[in-house]
Amino acid sequence: MKLESPTFVLADMARRLNIQFGHWLSQIDDAREEPSADESKPEVSAWPLRVTLASFTEREVSTRMDAVTQWAGEWHRAELGLPAGMTLVWETRQWPRLGEQRFPSRLVIDSPGALAAWVNESSRWNLARSRRNALVRVFPHVARSSVCRRHLAVLTDWTEQDVERLHALLAWFDANPRSGHYLRQIPMPGIDTKWIEPRKAVVRDFLLATRGQPLAATSKDFHEICGLRKPSAKLRFRILCPNLRASLAGLCDIEAPVEDVARMDLRVRSVLIVENLETGLALPDFEGTVVFMKLGHAVSELARVHWLGPDHQADAVEQPPLPHLVYWGDLDTHGFAILSRARGIFSRLQSVLMDDATFLEGQSLWVKENTPNRAEDFRHLTPAERTMYAGLRANKWGVNLRLEQERLSWPSCLKALQNALIGDPQERSRMRESN
């Protein structure tokens, strides 16, 4: 026998409103101020909602008459507190033994607003609806977008001042779709990079929505969508070769826009790419060598530096001898992700100190990797690297382990780097004589 109490239904409806809040809000028809029935979306019930409260037979009622009477009384009292837009439907039944009996049968809820009032969420619902309607009046395409569901906090949690800033910013981008400004140059009071930076995803998605574009188009860069000029990515590298430093007035540690680095046209014999800044700063001199530091996943920017010889320039006419490329990263899942991305640009790239032997030798220095990479495989890894990566993902040596490159024995690391960068002793001698 089913007897849904007012307390249970109230809690269930509160949960349902919380889950469906964004969906129901997005279905609001401003002209009717109520949601439209949308049978194409099974997660959103057509309105009005009908909640069945009871299912029983005469025999069940006769054996539990006290419980049924108490339950009916609870609903009678709850009915007195129902807000407008909610109706408790009573049903009269005629039974052979019990005669005529009247029971609460179902609860009919006309709209999300009525439901919100019943579960004490009227303020939140009305605020969200008001803010959404204000957006739709200025930007009609928002009505057909899922942006309000994706960024519901804008409608329910943001301060009024921040919502006004968003409106103003969207209007400015609408009037200036290709301004070519830097982000900091946007001439709007109260809106600066400190306000926009943590809200880039929100601004991007709402701007797409105002244009009637799908939010799935988020692969585009924020600056491109907003028509802004993107600051140049910067590369930091050190010149480890004394002769090269001398040709640059002694410059050693350089950080410059990638375009400027590409124009330098350095003639180097070897290039080392290290994942972490401290590792690069600690390196001693190596003949004919430069080291790029702390690029992380931005290692792809190196594809724009032609004197490194990326694969897309492999067929260039009169190309000088390509430098030897070596990558050294942390022994963790993200280190191998960066290595694979780098080798996708430079197929000749060699890794060093990224094998299981190095990992096992540093066992006492293992630490936890908080958020391991979830990719199952990387196409540009060698078989040995792929096996090492798979072992880390499968927790072969322990759960979410990593070995940071700075923690390894420095003398052993330098020896491994020297062998990788310069090669055998005869080759090192030849390089000294040529310099």
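In the predicted model, the charged end of Arg199 sits over the ring of Trp158, 5.5 Å from its centre, where a charge counts as over a ring if NZ of Lys or CZ of Arg is within 6 Å of the ring centre and within 35 degrees of the ring normal. Arg124 is likewise placed over the face of Phe21, at 4.2 Å from the ring centre. Residues are numbered from 1 along each chain as its sequence is written. Because the model is predicted, local features need pLDDT of at least 70 and side-chain atom pairs count only at pLDDT 80 or more, whereas totals for chains, interfaces and linings use all residues, and side-chain values use heavy atoms, with hydrogens and water left out.

The largest nonpolar core holds 66 residues, of which Leu107, Ile109 and Trp118 touch the most other members; such a core is a set of buried Ala, Val, Leu, Ile, Met, Phe, Trp, Tyr and Cys residues joined through side-chain atoms within 4.5 Å, buried meaning under 20% relative accessible area (1.4 Å probe, protein chains only). A second, separate core of 62 residues includes Phe286, Leu349, Leu353 and Cys413.

Strands β10 (residues 270–274) and β11 (residues 289–293) pair in the parallel sense over 5 bridges, pairing requiring at least two bridges found by DSSP, and the bridge partner of Leu272 in β11 is Val291.

Methods: Buried < 20%, exposed > 50% of the residue type's maximum accessible area, 1.4 Å probe, protein only. Helix = DSSP H or I, 4+ residues; strand = E, 2+ residues; numbered from the N terminus.
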